[in-house]
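This briefing is for a reader new to the structure shown below.

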Amino acid sequence: MTMSNAQAQRQHVKTILHALDHPADEEDAVIQRSWRRCIDRFGLDPAAPSPPRYVPDRTLREHQDQADALIQVARAGVEQLYRQVMPLDYVVLLTDARGIAVQFLGDRHAQREHQRTGLYLGADWSEEHAGTCAVGTCIQERVPLTCHHSDHFSAHHIGLTCTAAPVFDPDGQLLAVLDISAYQSPESKASQTFALQVVKHYARMIEDAFFLQRYGGYHLVCLDRSREFVQINRRYLIAIEENGTLVAANTAARKLLRHHELPLPGPGEARPFRAWNIQDLLDAEIGEVLDTRHYGDDRVRAFRTHRHHELHFATLLEPQRRRAPAGQPHYRDASLAPLEALADDDPAMRDTLTRAARLRNEPINILVVGETGTGKERMARALHESSRRCDKPFVAINCAAMPESLIESELFGYEPGSFTGARSKGMKGLIAQADGGTLFLDEIGDMPLQLQTRLLRVLAEQEVLPIGASRPLKVDLRVVAATHRDLRGLIDLGQFREDLFYRLNGASLRLPPLRERADQGYLIRRLFEDLQAERGDRRVRLRGDAMSALLAYPWPGNIRELHNALRYALATCEGDEVVVGDLPEECISGHLAHPAASSPVASGNGRAGPALGEDPLEEALRRQRWNISAVARELGLSRPTIYRRMKRLGIVPPNQQSAP
């Protein structure tokens, strides 16, 4: 007799809860770590309905555009892999490093089933959304793995078997994930052993093809332990300059180099490969290595390693094309990084950033519009840093914060002795200081009307006249102005010059409020990491209950308020994690309305939530027999926070209540 879906879900939850309290072997430990992340970091519930999440079509196209070079290189490998696994009813997914499926191959007659389960183009298989799964957990753990049936965190996925392997770029950064998945398979996870080997093989083929394309302008040393396979297998690939300097290495070669005590940079580390030479690895002169191309009939030569004297066979691929200029990326425009960092997969922001990328080097002024705190200055800085003006000054002026009596002299500067109190040597104005770079005018709608006229002349003539000067100074400016006000409404009221509006509004960029953005999780994590880097002290993680509270808060102060909330949490948290109780009071005032305690996973039992009309905190206190420490652990709050809320809600422990 088979179990019903409900019974299967309950059994799945019990399995997860039981497993988290017991140690696992090495293979199962990867799955258990993922389950723990799903609960603690992402606040997921295995029994909750979890239909697949798809990014909008426009967002999918952007992910595909960003991964275009990889997709082109990987296409042949993905198609070849699909031809091998298609008879066994597998589908093939290639996702980017964020878990978005950018390429898909499967039975077109089963498209509806593919879409229902998320095995389709545009699906988001990140662990944050899908829970434990082959793609998402591969992204987190950076290792090949199989996620088989009940290994999946969500009960929605326990019928699937999925096997994935990471694809790394030549710098060791995760580039993509290759996955094969099936709806039906034997119960034993061991049945997927061959599937794992096949996926690992094709992931390595794609990775090496990408390496060969990216570094085709260099000499490529190919090494293997076997003479017969070195020209076919090319296990170790090392790109070198003409003088033997190391430029890059594939994943296998990076491990070989580290084994031979040549410490290379890991993912995200800045130390360059160029600190080493191929002669530091091989016991040979550079001339001998380069002459391998002419050595013998098979052009294969044997070398021993310099330190461990291991025998390797080498062949050499000569440069196939002219090399890109030093520092120029091969698969994306690195100058766009400041803009790309502003958003993840929010459609409105991606539209804005696409437009900003096109405008960054155009000789027009830009007006950035958005609510207070949405990041208008950050957008202006990103425009500047991604433009050809990036090595020139960025000068920011808050028109609302500067006293009206000083704004004219601060903006335009003045000559010596121009007015009482002026500096004896005069002063160069902020506009002149921005010469050659970008002038950012924040809250332009608050600029006094008489100064608008002078600013208009600066923009029209590209020159500035300091106070007391007889001759104007030529300036080369790109102006980015920002406002949260309705400038057209101010024009109708006679408070803003229409001609200045059109001078400033060569193009406009609109920033959505934080409450409307689909990438809040990305912003929270990015700001949290930035603040930790700024503090430079201990490493702290953001626990799942705190993330849930932050995602639930409406953020009337937008990104500025989020920044302040995270700074507060880092300053007040105890230990190595930020929990919900460490957040500012206003951010968590409604969080207990849906406490973690109501989840059977979070509380460790299957009890229902509080009775109608009973406060969740009081219900937790009763369940824990008024043990404040136990309640604090259950709800992820500090003991002082529990006491404060008890006082505010008028909750008094039974042993402190007066007798009737």
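Helices α14 (376–385) and α20 (520–535) each supply at least two residues of the lining of the largest cavity in this predicted model. Helices (H or I, at least four residues) and strands (E, at least two) are DSSP runs, numbered from the N terminus. Because the model is predicted, local features need pLDDT of at least 70 and side-chain atom pairs count only at pLDDT 80 or more, while totals for chains, interfaces and linings use all residues. Residues are numbered from 1 along each chain as its sequence is written, and side-chain values use heavy atoms, with hydrogens and water left out.

**Cavities and a pocket**

- On a 1 Å grid over the protein atoms alone, a cavity is a set of points where a 1.4 Å probe fits but cannot get out; a pocket is an open set with protein on both sides within 12 Å along at least five of seven lines; lining residues have an atom within 4 Å of a point.
- Grid points are joined across faces, edges and corners, and a volume is the space filled by probe spheres set on the points.
- The structure holds 4 cavities of 30 Å³ or more, and the largest cavity has a volume of about 90 Å³.
- The lining of the largest cavity consists of L342, M349, T374, G375, R378, M379, L511, R517, L523, R526 and I559.
- The second largest pocket has a volume of about 620 Å³.
- Of the 22 residues that line the second largest pocket, F168, E207, T251, A252 and K255 lie nearest its centre.
- β4 (161–168), α8 (193–214) and α10 (251–259) each supply at least two residues of this pocket's lining, and α8 gives the most, with 7 residues.

**Whole chain**

- The protein chain has 27 helices and 21 strands.
- Buried residues (under 20% relative accessible area; exposed is over 50%, partly exposed in between; 1.4 Å probe, protein chains only) make up 50% of the 660 residues.
- Among contacts (heavy atoms within 4.5 Å) with a separation of 6 or more, 65% are between residues 24 or more positions apart.
- The chain exposes about 32200 Å², of which carbon and sulfur atoms supply 49%. Accessible areas come from the Shrake-Rupley method with a 1.4 Å probe; for residues, only the protein chains shown count as cover.

**Nonpolar cores**

- A nonpolar core is a set of buried Ala, Val, Leu, Ile, Met, Phe, Trp, Tyr and Cys residues joined through side-chain atoms within 4.5 Å.
- The largest core has 34 residues, of which L439, L441, I444 and F496 touch the most other members. Helix α17 (residues 449–461) gives the largest share of this core, 5 residues.
- A second, separate core of 26 residues includes L523, I524, F528 and L531.
- Leaving aside neighbours within four places in sequence, F496 is in contact with I444, G445, L449, Q452, L487, L490, I491, F501 and L504.

- Two strands pair if DSSP finds at least two bridges between them.
- β6 (residues 219–224) is largely enclosed by the rest of the structure, because 6 of its 6 residues are buried.
- In a regular strand the side chains alternate between the two faces of the sheet.
- From β6, H219, V221 and L223 point one way and L220, C222 and D224 the other way, and all are buried.
- 5 bridges join β6 to strand β7 (residues 236–240), and the two run antiparallel; V221 stands opposite I238 in β7.
- β6 is also joined by 5 bridges to β10, again antiparallel, and T315 in β10 is the bridge partner of C222.
- Strand β10 (residues 311–317) is mostly covered, with 5 of its 7 residues buried.
- 4 bridges join strand β9 (residues 301–304) to β10, and these two run antiparallel; R304 stands opposite L311 in β10.
- β9 and β10 form a hairpin with 6 residues between them, and H309 in the turn has a positive phi of about 60 degrees.

**Loop residues**

- A341 is in the loop between α12 (337–340) and α13 (347–359), and A341 counts as partly exposed because its relative accessibility is 31%.
- Not counting residues up to four places away in sequence, A341 touches Y522 and R526.
- A341 and A382 are 41 residues apart along the chain, and their C-alpha atoms are separated by 8.8 Å.
- E443 lies in the loop between β15 (438–442) and α17, and is buried with a relative accessible area of 9%. Phi of E443 is near 50 degrees, a positive value in a residue other than glycine.
- W626, in the loop between α25 (616–623) and α26 (628–635), has a positive phi near 65 degrees.
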